[in-house]
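Reader: Can you walk me through this one? I'd like the terms spelled out as we go.

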Amino acid sequence: GLVPMAGGLAREEFALGEDDWYRFLQGNARNLPIFFVHGDDDEVVPVRFDRWSEARLKRLQAEHVYHEIPGGKHILIGQLTPDSPVVTELGTWVQARVRDPHPAELEHRALGVYQGGAYWLQVEAMRGDQARVVAKARRGNKLELETRGVASLRVFLDPEVFKVRSKTKLKLLLDGQAQAHVLRP
């Protein structure tokens, strides 16, 4: 999981308000649970940034835990002691999470090809300034892909997800259109 404290996504939000372009990336939280904490009296990074994050993560139905510390400033050392309820909950939360290095289903969003990689997918070229891929690997080497803003996509045949042989047939459903590909590693 991810455990940020007193976070924000974009400097632009200080002056311009909630930035939907950058917040588009929060869809990646579906692959990575988040536990985040913010002091409600933070004078450095306004608490509204994490309030916006929490509201968006709820809409996305992304796994997350948000704690707002009453009277908390930017530095929360006094409030987050080893025996505090939030730290105790965090310890339990972290121990309960096990990263799946080979997910059969994933969603990835990017604002540029420099952010294109996620597990066994790589956005190599984009149409426009945002790309989104929803990928579902199914039995029988069937791969369902839904894309938006993607001009070129590379799929790495992770042997933990796909049955890879010297000659592999991949059944591809790309944006609702069936295609079959024979791949030779």
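Author: Terms first: helices (H or I, at least four residues) and strands (E, at least two) are DSSP runs, numbered from the N terminus. This is a predicted model, in which local features need pLDDT of at least 70 and side-chain atom pairs count only at pLDDT 80 or more, while totals for chains, interfaces and linings use all residues. Residues are numbered from 1 along each chain as its sequence is written, and side-chain values use heavy atoms, with hydrogens and water left out.

Reader: How many helices and strands in the chain?

Author: Four helices and ten strands. Read from the N terminus, the order is α-α-β-α-β-α-β-β-β-β-β-β-β-β.

Reader: What share of the chain is buried?

Author: Of the 185 residues, 38% count as buried. Buried means under 20% relative accessible area, exposed means over 50%, and partly exposed is in between, with a 1.4 Å probe and protein chains only.

Reader: What about contacts, what part comes from residues 24 or more positions apart?

Author: Such pairs make up 58% of the contacts with a separation of 6 or more. A contact means heavy atoms within 4.5 Å.

Reader: How many bridges join strand 4 to strand 5?

Author: Two; strand 5 covers residues 121–126 and runs antiparallel to strand 4. Ala118 stands opposite Leu121 in strand 5.

Reader: Which residues of the largest nonpolar core touch the most other members?

Author: Trp120, Leu121, Val133 and Ala135, out of 15 residues in that core. Strand 5, strand 6 (131–138) and strand 7 (142–148) each supply at least two residues of this core. Strand 6 gives the largest share, four residues. A nonpolar core here is a set of buried Ala, Val, Leu, Ile, Met, Phe, Trp, Tyr and Cys residues joined through side-chain atoms within 4.5 Å.

Reader: What does Ala135 touch?

Author: Leaving out residues up to four places away in sequence, Ala135 touches Ala104, Glu105, Leu106, Trp120, Leu121, Leu143, Glu144 and Leu145.

Reader: How many aromatic pairs does the structure hold?

Author: Six. Rings of Phe, Tyr and Trp (its six-membered ring) pair if their centres lie within 6.5 Å; planes under 30 degrees apart count as stacked, over 60 as edge-to-face and the rest as tilted. Phe14 is in helix 1 (residues 12–16) and Phe49 in helix 3 (residues 48–60), 35 residues apart, so the pair links distant parts of the chain.

Reader: Phe14 and Phe49: buried or exposed?

Author: Phe14 is partly exposed at 45% relative accessible area, whereas Phe49 is buried at 1%. Trp120 and Phe162 form another edge-to-face pair, at 5.3 Å centre to centre and 90° between the planes. Trp120 lies in the loop between strand 4 and strand 5, and Phe162 in the loop between strand 8 and strand 9 (168–174), so this pair ties together parts 42 residues apart in sequence. Both Trp120 and Phe162 are buried.

Reader: Which rings does Phe14 form a cluster with?

Author: Phe49 and Trp52, through ring pairs.

Reader: Where is Arg23?

Author: In helix 2 (residues 20–23). Arg23 is buried, with 0% relative accessible area. Not counting residues up to four places away in sequence, Arg23 touches Leu9, Glu13, Glu18, Phe49, Trp52, Ser53 and Arg56. The C-alpha atoms of Arg23 and Trp52 are separated by 9.3 Å.

Reader: Last topic, backbone. What is the phi of Ala6?

Author: Positive, about 50°, although Ala6 is not a glycine. Ala6 sits in the segment before helix 1 and is buried at 9% relative accessible area. Gln61, also not a glycine, has a positive phi near 55°. Gln61 lies in the loop between helix 3 and strand 2 (64–69), and at 72% relative accessibility it counts as exposed.

Methods
Two strands pair if DSSP finds at least two bridges between them.
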